[in-house]
Amino acid sequence: MSEFVRKVHQVVKAIKPGKVMNYREVAEAAGSPRAWRAVGRIMARNHDPHIPCHRVVRSAGRTGGYNRGGERVKQELLEQEKRTGKTALGALEAMQQRLAGGD
């Protein structure tokens with residue numbers, strides 16, 4: 001894992017529940033302001049539940065993609081965290097099953 005990937009993961013881990021950063025802000029905080037597309041690729045490949053990639057959104061305010069259930073799941077996680085101020089990752093699996101029709 002490269003140093004830049006480690007820095008991106010650290011920045012994203014520091015985003016509090018109920019808050020978001022856009023890809024450009026994460027790139028800047030990781031020390032490479034022009035690497036916002038690389039941040040998007042890093043987040044797309046992230047499968048570590050301890051790195052809350054759902055808290056990274058597009059600059060225009062749209063949520064963007066999410067590799068654990070798509071944009072709909074990402075939006076629901078963000079809304080839940082904003083309401084409660086707590087991490088929503090514990091609810092992720094149940095939410096994915098519900099959206100897939102596997103209640």
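Buried residues have under 20% relative accessible area, exposed residues over 50%, and partly exposed residues fall in between (1.4 Å probe, protein chains only). Arg55 is buried by this rule, with a relative accessible area of 4%. The structure is a predicted model, in which local features need pLDDT of at least 70, side-chain atom pairs count only at pLDDT 80 or more, and totals for chains, interfaces and linings use all residues. Residues are numbered from 1 along each chain as its sequence is written, and side-chain values use heavy atoms, with hydrogens and water left out.

The overall fold comes first. The protein contains five helices and two strands. Helices (H or I, at least four residues) and strands (E, at least two) are DSSP runs, numbered from the N terminus. Along the sequence, these elements follow the pattern α-β-α-α-β-α-α. The protein has 103 residues, and 36% of them are buried. Contact means heavy atoms within 4.5 Å. Among contacts between residues at least 6 apart in sequence, 45% join residues at least 24 apart.

Helix packing was examined for α1 and α3. Two packed helices are described by the angle between their axes and the distance between the axes. Axes are lines fitted to C-alpha atoms, for helices over the stretch in contact, and angles run from 0 to 180 degrees between N-to-C directions. The axes of α1 and α3 lie 11 Å apart, at an angle of about 75°. Helix α1 is therefore roughly perpendicular to α3. Angles under 35 degrees count as roughly parallel, over 145 as roughly antiparallel, 65 to 115 as roughly perpendicular, and the rest as oblique. On the α1 side, the contact involves Phe4, Val5, Val8, His9 and Val12. On the α3 side, Ala38, Val39, Ile42 and Met43 take part. Eight residues of this contact are nonpolar, one is polar and none is charged. Here Ala, Val, Leu, Ile, Met, Phe, Trp, Tyr, Cys and Pro count as nonpolar, Asp, Glu, Lys and Arg as charged, and the others, Gly among them, as polar.

Charged pairs were examined next. Side chains of opposite charge can pair when their charged atoms come close. A salt bridge is a side-chain nitrogen of Lys or Arg within 4 Å of a carboxyl oxygen of Asp or Glu. A search of the whole structure finds three salt bridges.

Arg6 is partly exposed, at 38% relative accessibility. Glu3 is also partly exposed, at 47%. The C-alpha atoms of Glu3 and Ala30 are separated by 9.6 Å, although these residues are 27 residues apart along the chain.

Another salt bridge joins Glu81 and Arg55, at 2.8 Å from N to O. This pair links distant parts of the chain, 26 residues apart. Glu81 belongs to helix α4 (residues 70–84), while Arg55 lies in the loop between α3 (36–45) and β2 (56–57). Glu81 is buried, at 0% relative accessibility. Arg55, as noted above, is buried too, at 4%.

The remaining pair is Arg72 and Glu76, whose closest N and O atoms are 3.8 Å apart. These residues are four residues apart in helix α4, so about one helical turn separates them. Arg72 is exposed, at 56% relative accessibility. Glu76 is partly exposed, at 22%.

The loop between β2 and α4 was also considered. Arg62 lies in this loop. Arg62 is partly exposed, at 46% relative accessibility. Leaving aside neighbours within four places in sequence, Arg62 is in contact with Val57 and Glu71. The C-alpha atoms of Arg62 and Gln75, 13 residues apart along the chain, are separated by 9.3 Å. Tyr66 is found in the loop between β2 and α4 as well. Tyr66 is buried, with a relative accessible area of 8%. The C-alpha atoms of Tyr66 and His54 are separated by 6.6 Å, and the two residues are twelve residues apart along the chain.
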